[in-house]
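Work through the exercises below with the model open. Each task is followed by its solution.

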Amino acid sequence: VDEKLDLKQWYQRRVRGVLALPLEYPISPPFILLEVTCPNGKATSRTDTNVRAIEAELNVHIGELYESGVEYVLTRIVSKLCLCVDVYVEGLGLEPQIKFFINKFKGPDNVLPYVFNSERQYFEHR
């Protein structure tokens with residue numbers, strides 16, 4: 001990421017999400033697809049391992065968001081998406097460091113941690 005981006009390029013970064021709600025919602029979970037657009041191009045689950053990891057947190061590990069019941073599950077999904085995007089933005093150095101996590105990358109794919117540990121107050125890897 002080029003650190004000399006001007007203000008116009010900074011605001012050209014976007015996260016676009018598609019949320020598909022089944023007819024049986026909230027009994028059946030929604031499905032989410034993401035696309036991150038920046039001056040360098042687009043990142044999707046096919047081209048970026050971190051976007052794929054965020055989608056997995058929201059689609060594969062959805063059961064964790066249902067543990068406290070089906071009430072407000074969509075609110076919890078959107079909140080989890082916001083947290084994951086914050087980790088993504090900080091982890092790739094797209095904004096000033098706030099220190100959301102101790103170990104930044106893990107594995108050969110260099111995936112960021114997207115699971116929040118409430119006892120320790122930081123994000124960790126699965």
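Helices (H or I, at least four residues) and strands (E, at least two) are DSSP runs, numbered from the N terminus. The expected span of a helix is 1.5 Å times one less than its number of residues. The model is predicted: local features need pLDDT of at least 70, side-chain atom pairs count only at pLDDT 80 or more, and totals for chains, interfaces and linings use all residues. Residues are numbered from 1 along each chain as its sequence is written, and side-chain values use heavy atoms, without hydrogens and water.

**Exercise 1.** Find how many salt bridges there are (a side-chain nitrogen of Lys or Arg within 4 Å of a carboxyl oxygen of Asp or Glu).

*Solution.* The count is 2. Arg-16 pairs with Glu-35, with closest N and O atoms 3.3 Å apart. Arg-16 sits in strand S1 (residues 14-20) and Glu-35 in strand S2 (residues 31-38), so the bridge ties together parts 19 residues apart in sequence. Glu-57 and Lys-80 form a salt bridge at 3.4 Å, N to O. Glu-57 belongs to helix H2 (residues 49-59) and Lys-80 to helix H3 (residues 73-91), 23 residues apart.

**Exercise 2.** Compare the span of H3 with the expected value.

*Solution.* H3 has 19 residues. Its first and last C-alpha atoms lie 27 Å apart, close to the expected 27 Å. Its buried residues include Val-73, Ile-77, Lys-80, Leu-81 and Cys-84.

Notes:
Buried < 20%, exposed > 50% of the residue type's maximum accessible area, 1.4 Å probe, protein only.
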